[in-house]
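Hi there,

Here is the structure I promised to pass on to you. Please open it beside this email, and then read on for what turned up in it.

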Amino acid sequence: MLEVNGLIKRFGGFTSVNNVSFKVDQGEILGLIGPNGSGKSTIFNMLSGFFPPTAGSIRFQGRELAGMAPYAIIQGGIGRTFQIPRPFRRLTIFENVALAGYYGQEGRTRAKAFESAEKALTLVGLPLDRHAPVDGLGAAGLKKLELAKALATEPKLLLADESLGGLDEHEMDQAADMLNRIRAELGITIIWVEHIMGVLMRVVDRVMVLDHGEKISEGLPSEITNDPRVVEVYLGSDAVAVQAMAAARG
Amino acid sequence: MSKLLPWIAGAALVALPFIYNSPYPLHIIVIILIWSFVYTSWSVMGRFGLVSLGHGGFLGVGAYVNALLWNNFGLTPWIGIPLAMLAAAGLAVLIAYPCSRFRITGHYFALVTMALSAIVLQVITATRDVTGGSLGYTPQRVPGGSSLFAFQFTDKETWYWIALAIWGGGLFVRWYVDRSMMRYALEAISEDEDAASAAGVHVTAEKLKITALSAAMTALGGALYCQYQMFISPDTVSGISASLQMVFASVVGGIYVLLGPTVGAVITIMLAEVLRIGFGTAAVGWDNFVYGILLVLFIIYLPQGIVGSLMAKLRGARVGS
Ligand SMILES: Nc1ncnc2c1ncn2[C@@H]1O[C@H](COP(=O)(O)OP(=O)(O)OP(=O)(O)O)[C@@H](O)[C@H]1O
Ligand SMILES: [Mg+2]
């Protein structure tokens, strides 16, 4: 469904993503991990058109995305969240999501957009109340809103950037469950960036590891957690616990 | 009851000349209605943080293009006015497109568009052989004074109804935009353009649409003003001061409420009239001075404008009781 080849992003002299290639299959959940500043969000920004790649190609359902404008990519079936939620505070929660439902695809009617908004809000567990303001939401609520906006555009591929930071144990479990449901019920393929390994390893099918903008490993959770390079640059002292989790999943 | 109120008020306004039609007050009311329409047209985009100081340019294009077509080619305003509106919309796109592409927003947008106002004024003044320059311009009158074809009418009542209809139309357009999905998009764009495009919004297209709409409406106001006054000068219908006046009046009345710009027009025009009658020619230009001070005071102390603040108060009182 998605095929990325030789993707490079330079900011001035600094290379933030260096020659990264990977594939995502229909219906898969791919985990994207790596230390802070390793280039995960930069890859998302290129996939969704916010940064033009310095080099490389991004083929999505047979179409080249590199060079396309963000709105066109979003309308073409990719949804994205922002690592730090970016809600529209002058709109209500419902309007935030309805906006995405309306503009996220071409030729939407208002009724259709409201329907998508209600579906997305229900799925993430936010109130359907038309008048509820964004200002009432806490950290967990804002992340849900971010996800609901992306879902309302009815994507085929969802780029979820670190949706769980700042949440408590219970909220994280809920979120992990939510991603599973998004795939199961809506058939949406997902790339998920997440620092909280325990939750990530329970959900994803495959993992790709970045370090300093380069792909250093890729494979099943059980393979990744036993890769000495990954342990060295990323997992560190958590390695044993994460290995156990990945193993428990089989 | 509150649903009926606009209809009752509307009917009362339509019936007004049957009950009361002394010429001077009616003249002031027509002027207020035309400027209310112009200010409302400005606020259609201004309320989304797209603060344009280029609208003096659109007003001038509306007034002059229509009048020039009439005088030089005998083209009826029924065609001339739509052409003038198209010209203004085209000009708006010409300036708004690069602004959007290069992300010129906020204060910088105001500055760039301000240049447009100045340019239109310069062009009118410089081409004095065609436009009459700073001495102003008069559309040729039809013999007899009134003609539907020439869109010229001598009686104030007719003008009152025309101005009332256009003003009502302006309010309708703004109300319509406010309840459309476009409002969601423009509100989102005003807050965070990137996040808006992540929701699938084509930011440039949405900005161009609202700017072209607002410019075309403003041009209609300019043409209407010309047909009513039968005289225009670059200083009244173009230039930075004309743009600033739109901003003053709209901010004073309140840009976030439908009737804000209208109330702003009532206040500023009454103020100008009082100064004119009270102090005569000695007070020429004072109104702009007073506007300037008012604008600063309002932005600091009453950013919602008079109507906006009143409504917030009322709502607060209702919630409180
Ligand atoms: N717009 C930009 N201009 C310059 N440098 C940038 C820009 N965006 C990202 N970078 C740099 O690129 C590198 C990768 O950043 P990126 O945000 O992709 O990391 P990340 O893997 O998402 O990190 P985190 O886990 O902290 O979210 C960082 O060194 C960052 O400073
Ligand atoms: Mg990141």
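Below are some notes on a metal site, a sheet and a few side-chain contacts.

First, some housekeeping. This is a predicted model, in which local features need pLDDT of at least 70 and side-chain atom pairs count only at pLDDT 80 or more, while totals for chains, interfaces and linings use all residues. Residues are numbered from 1 along each chain as its sequence is written, chains are lettered from A and ligands numbered from 1 in the order in which they are written, and side-chain values use heavy atoms, with hydrogens and water left out.

**The magnesium site**

The magnesium ion (ligand 2) is held by OG of S41(A) and OE1 of Q83(A), at 1.9 to 2.2 Å. Donors here are N, O and S atoms within 2.8 Å of the metal (3.2 Å for Na, K and Ca), and since water is not among the atoms, sites may look incomplete. S41(A) belongs to helix α1 (residues 40-47) of chain A, and Q83(A) to the loop between β6 (78-80) and α3 (93-103) of that chain, so the pair ties together parts that are 42 residues apart in sequence. Helices (H or I, at least four residues) and strands (E, at least two) are DSSP runs, numbered from the N terminus. S41(A) is partly exposed, with a relative accessible area of 23%, and Q83(A) is partly exposed at 33%. On this scale buried means under 20% relative accessible area, exposed over 50%, and partly exposed in between (1.4 Å probe, protein chains only).

**The sheet in chain A**

Six strands form an open sheet in the order β6-β7-β8-β3-β9-β10 (chain A), with mixed pairing. Its edge strands are β6 and β10 (214-219) of chain A, each pairing on one side only. The twist averages 15° from one strand to the next. Two strands count as paired if DSSP finds at least two bridges between them.

How exposed or buried is β9(A)? It is mostly covered, with 6 of its 6 residues buried. On one side these are R206(A), M208(A) and L210(A), and on the other V207(A), V209(A) and D211(A). Strand β9 (residues 206-211) of chain A runs antiparallel to β10(A), joined by 5 bridges, and V209(A) stands opposite S217(A) in β10(A). Between β3(A) and β9(A), which run parallel, there are 4 bridges, with L32(A) opposite M208(A). The hairpin of β9(A) and β10(A) has 2 residues between the strands, and H212(A) takes a positive phi near 45° there.

**Aromatic and charged neighbours**

Over all chains, the count comes to 15 aromatic pairs. The rule is that rings of Phe, Tyr and Trp (its six-membered ring) pair if their centres lie within 6.5 Å; planes under 30 degrees apart count as stacked, over 60 as edge-to-face and the rest as tilted. For W35(B) and Y225(B), the ring centres are 5.3 Å apart and the planes at 50°, so the pair is tilted. W35(B) lies in helix α2 (residues 23-46) of chain B and Y225(B) in helix α10 (residues 203-229) of chain B, so the pair links parts that are 190 residues apart in sequence. W35(B) counts as buried at 11% relative accessibility, and Y225(B) is buried with a relative accessible area of 11%. One aromatic cluster is made up of W78(B), F151(B), F153(B), W159(B) and Y228(B).

Back in chain A, the charged end of R80(A) sits over the ring of F50(A), 4.9 Å from its centre. R86(A) lies over the face of F82(A), at 4.3 Å from the ring centre. Such a charge counts if NZ of Lys or CZ of Arg is within 6 Å of the ring centre and within 35 degrees of the ring normal.

Best wishes

Conventions:
Axes fitted to C-alpha atoms, helices over the stretch in contact; angles between N-to-C directions.
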